[in-house]
Amino acid sequence: MSYCPKNKLLNLLRRGSKFVRKASNSSAPTVTPTSTPGQASSATAISLTLAMDDLHTLKTRLCIIGSGPAAHIAAIYASRAELKPILFEGWMANGIAPGSQLTMTTEVENFPGFLDGINGNKLMDRYRVVAMRLDFPGSAEDPGGFWNQGISACAVRDGAAPIFKNKLLVVIGGGDSAMEAPTFLTKYGSIVYIIHRRDTFRASKIMQQRALTNPKIQVKNVLSGEVLDLKVSGLFFAIGHEPATKFLDGQLELGSSGYVVTA
Ligand SMILES: Cc1cc2nc3c(=O)[nH]c(=O)nc-3n(C[C@H](O)[C@H](O)[C@H](O)COP(=O)(O)OP(=O)(O)OC[C@H]3O[C@@H](n4cnc5c(N)ncnc54)[C@H](O)[C@@H]3O)c2cc1C
């Protein structure tokens, strides 16, 4: 992830504001008492040129504006998805310092992982360090078992890991997630197979159309009876999640899929 550093921004802002002041006062003799109007406008032109020298166009697929927890979490997940986001941290935007409202408090007590609480500034420094470290995805692999070693239940989180680059991948499922995951994974894998158990998909038509017209996606239906020996490097489950709400049964209203009914 790239930061648009605040020092550089500050510098630009100072130069910019100097320029704006000069531009708006260029005809006022109190500001440039010894200048003729011609001299004032050439000084303004030089200021503008200096300010413009520092400006260049940044191209990115994902621009995150802000520097609080929300922005950093977005940057962390986007970095893991190899979107190479650029985060603009701003300067006293909305009256808040770079690094969020939490820089205004001493003790944050409710962030899991900090047994004795943590100073708000320190916490936000850590967000920043993690977001910048995750420039390279796949750094948090689990040393045990196949989870995160090739088997995953989250294509968006894990799909960009180097172990899946240009490899054959499989997604299991037939709903919207099973259409979305392979579409996403085609950015990294060579071919993505969708394996599903019925002869029709439950996914919405639009999601199906997006996935099934992708030349890097192939569909394998277990009802066809075809036996395949696929040498795949990644297997992604997209078969839905069972909400852990059984203990609430009889106490709160649960929908047919087990989710708590909220409205
Ligand atoms: C005194 C105080 C104590 C708090 N204590 C706690 C606590 O103990 N525990 C807790 O959970 N919550 C606490 N909160 C609430 C917590 O700070 C917020 O819920 C949290 O910071 C929200 O995060 P955010 O990323 O959505 O936004 P913010 O923290 O508001 O961050 C937004 C950031 O984006 C920047 N920004 C805004 N506009 C732009 C722009 N146009 N360009 C560039 N940058 C921009 C701002 O400068 C700011 O740094 C506290 C809040 C305060 C004020």
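**Exercise 1.** Are H3 and H4 roughly parallel or roughly perpendicular to each other?

*Solution.* A quick note before we start: this is a predicted model, where local features need pLDDT of at least 70, side-chain atom pairs count only at pLDDT 80 or more, and totals for chains, interfaces and linings use all residues. Residues are numbered from 1 along each chain as its sequence is written, and side-chain values use heavy atoms, leaving out hydrogens and water.

Step 1: find the helices. H3 covers residues 69-80 and H4 covers residues 120-133.

Step 2: check the geometry. Their axes are 9 Å apart and the packing angle is about 20 degrees.

Step 3: apply the cut-off. Angles under 35 degrees count as roughly parallel, so H3 and H4 are roughly parallel to each other.

Step 4: list who touches whom (contact means heavy atoms within 4.5 Å). H3 brings Pro69, His72, Ile73, Ala75, Ile76 and Ser79, while H4 brings Met124, Tyr127, Arg128, Val130 and Ala131. Sorted by class, that's eight nonpolar, two polar and one charged residues.

**Exercise 2.** Now work out how H6 packs against H7.

*Solution.* Step 1: look up residues 176-185 for H6 and 205-212 for H7. The two pack at about 30 degrees, with axes 9 Å apart.

Step 2: that angle makes H6 roughly parallel to H7.

Step 3: pick out the contact. Asp176, Met179, Glu180 and Thr183 of H6 meet Met207, Gln208, Arg210 and Ala211 of H7. By class, you get three nonpolar, two polar and three charged residues.

**Exercise 3.** Which residues come nearest to the ligand, and which polar atoms lie by its oxygen atoms?

*Solution.* Step 1: there are 22 residues around the ligand (a heavy atom within 4 Å), and Ala70, Ile96, Ala97, Ser100 and Asn110 come nearest.

Step 2: go through the polar contacts (pairs of N or O atoms within 3.5 Å). Ser67 has a polar side-chain atom 3.2 Å from a ligand oxygen atom. From the backbone, a polar atom of Ser100 is 3.0 Å from an oxygen atom of the ligand, and a polar backbone atom of Gln101 is 3.0 Å from a ligand oxygen atom.

How values were computed:
Axes are lines fitted to C-alpha atoms, for helices over the stretch in contact, and angles run from 0 to 180 degrees between N-to-C directions. Helices (H or I, at least four residues) and strands (E, at least two) are DSSP runs, numbered from the N terminus. Angles under 35 degrees count as roughly parallel, over 145 as roughly antiparallel, 65 to 115 as roughly perpendicular and the rest as oblique. Ala, Val, Leu, Ile, Met, Phe, Trp, Tyr, Cys and Pro count as nonpolar, Asp, Glu, Lys and Arg as charged, and the others, Gly among them, as polar. A polar contact is a pair of N or O atoms within 3.5 Å; within protein, one must be able to donate a hydrogen and the other to accept it, and residues adjacent in sequence count only if both atoms are side-chain atoms.
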